[in-house]
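Let's take a walk through this model together, one piece at a time. Have the sequence and the coordinates open as you read.

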Amino acid sequence: MAEQITREDALTREGYRHACHIMLYGDSSAKLFGKIPIKHIVLMQMRFDGLLGFPGGLVNPSEETLEAGLSRELHEEVGVAVPVGVDNHVSSCLSPSCPRLITHFYIKKMTESELKEMEKAAVATATDHGLEVKTLSVISRVCKCTYKILLCIFLICLQVLGMVRVPLYFLKNGGGLPYFLSHSFISNSRAQLLSALQRCGLLSQGELEKAVRQAEQMRRTRSGDPH
Ligand SMILES: O=c1[nH]cnc2c1ncn2[C@@H]1O[C@H](COP(=O)(O)OP(=O)(O)O)[C@@H](O)[C@H]1O
């Protein structure tokens, strides 16, 4: 369990780096397979390293506020301006995986059309992608390497492969949320997701416990450990 501290305490600590991430979510009228109402959209990201996490990144509070930094990161990663305020802040924790890193977590509710716009923009990646593409073609000519190789390196540097929707439903044999939770997550993002789903009332305590139990069972089965 990551140790929680207050936002104020976090900002007075010296020698720490700060990472800010956000859960963007909203209500939805869409139906899965045209039958199962999905009720809510919750966005996460598939990172360059294959781990799931929330959009966001490192922020330097001596240069900008945590919230301005998070908005900037979102703009760079997704290409959409999303204003974030202190009222969106939900927790600050000492990172369980990185020494001297504080992870700040935010939640923001958006409309279904805003979320869909984010998803589309994330596919097209960042706003400066066009500029970067021009730069890449120049570099590729100078270095005599293929443009495609440079583009791959560039996308890896952006550290995002795309937005993913968290399946909040249960299908047969653990499909849906339990299966999703059995994947690998960066740092404490899995715990952030679970507490946010509960805090926003998107799932009941019982549903969350069931999903976590089934996900654990799947992980054990996959690793060949029956206990
Ligand atoms: O969704 C998240 N929740 C909590 N911590 C995260 C999440 N994503 C990344 N981190 C932590 O924050 C650090 C910096 O995040 P990220 O890799 O997004 O920033 P960057 O793109 O600015 O390098 C990561 O090394 C990881 O330890």
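## A helix to begin with

Helix α8 covers residues 205–223, and its 19 residues should span 27 Å at 1.5 Å a residue; the end C-alpha atoms are 27 Å apart, so the expectation and the model agree. The expected span here is 1.5 Å times one less than the number of residues. Helices (H or I, at least four residues) and strands (E, at least two) are DSSP runs, numbered from the N terminus. After α8 comes Gly224, with a positive phi near 80°.

## What kind of model this is

This is a predicted model, in which local features need pLDDT of at least 70, side-chain atom pairs count only at pLDDT 80 or more, and totals for chains, interfaces and linings use all residues. Residues are numbered from 1 along each chain as its sequence is written.

The average pLDDT of the protein chain (the predictor's confidence in each residue, from 0 to 100) is 87, and 83% of the residues score at least 70. The model's ipTM is 0.95 and its pTM is 0.85. Please be careful with residues 126–134, where pLDDT stays under 50 and the model has 7 contacts beyond four places in sequence. A contact means that the C-beta atoms of two residues, placed from the backbone, lie within 7 Å.

## The chain as a whole

The protein chain holds 8 helices and 10 strands. Of its 227 residues, 26% count as buried. A residue is buried if 20 or more other C-beta atoms lie within 10 Å of its own, exposed if 12 or fewer, and partly exposed in between, with C-beta atoms placed from the backbone. Taking contacts between residues at least 6 apart in sequence, 66% join residues at least 24 apart.

## Helix α2

Helix α2 (residues 66–78) passes the length check too: its 13 residues should span 18 Å at 1.5 Å a residue, and its end C-alpha atoms are 18 Å apart, which agrees. Buried residues in α2 include Leu66, Leu70, Leu74 and Val78, along with Glu67, Glu73 and Glu77. As background, an α-helix has 3.6 residues a turn, so residues three or four places apart point the same way. Just after α2, Gly79 has a positive phi of about 85°.

## Strand β5 and its partners

Strand β5 (residues 40–47) is largely enclosed by the rest of the structure, because 6 of its 8 residues are buried. β5 runs antiparallel to β2, joined by 4 bridges, and Leu24 stands opposite Leu43 in β5. Strands count as paired if DSSP finds at least two bridges between them. β5 is also antiparallel to strand β6 (residues 52–53), with 2 bridges, and here Gln45 stands opposite Gly53 in β6. The two strands β5 and β6 form a hairpin with 4 residues between them, and Gly50 in the turn has a positive phi of about 90°.

## Around the ligand

The ligand is surrounded by 18 residues, the closest being Ala19, Gly53, Gly57, Ser187 and Ser189. The shell divides into 6 nonpolar, 12 polar and no charged residues. In that count Ala, Val, Leu, Ile, Met, Phe, Trp, Tyr, Cys and Pro are nonpolar, Asp, Glu, Lys and Arg are charged, and the others, Gly among them, are polar.

| Residue | C-beta neighbours within 10 Å | Class |
|---|---|---|
| Ala2 | 18 | partly exposed |
| Asp87 | 9 | exposed |
| Ser187 | 20 | buried |

Ala2 lies in the segment before β1 (3–5). Leaving aside residues up to four places away in sequence, Ala2 touches Cys93, Leu94, Ser95, Pro96, Asn188 and Ala191. Asp87 sits in the loop between α2 and β8 (89–94), and its C-alpha atom is 9.0 Å from that of Ile107, 20 residues apart along the chain.

Most residues other than glycine have a negative phi. Lys39, in the loop between β4 (36–37) and β5, is not a glycine, although its phi is positive at about 65°. Ser187, in the loop between α6 (177–181) and α7, also has a positive phi, near 45°.

Terms used. A residue is near a molecule or strand if its C-beta atom, placed from the backbone, lies within 6 Å of it.
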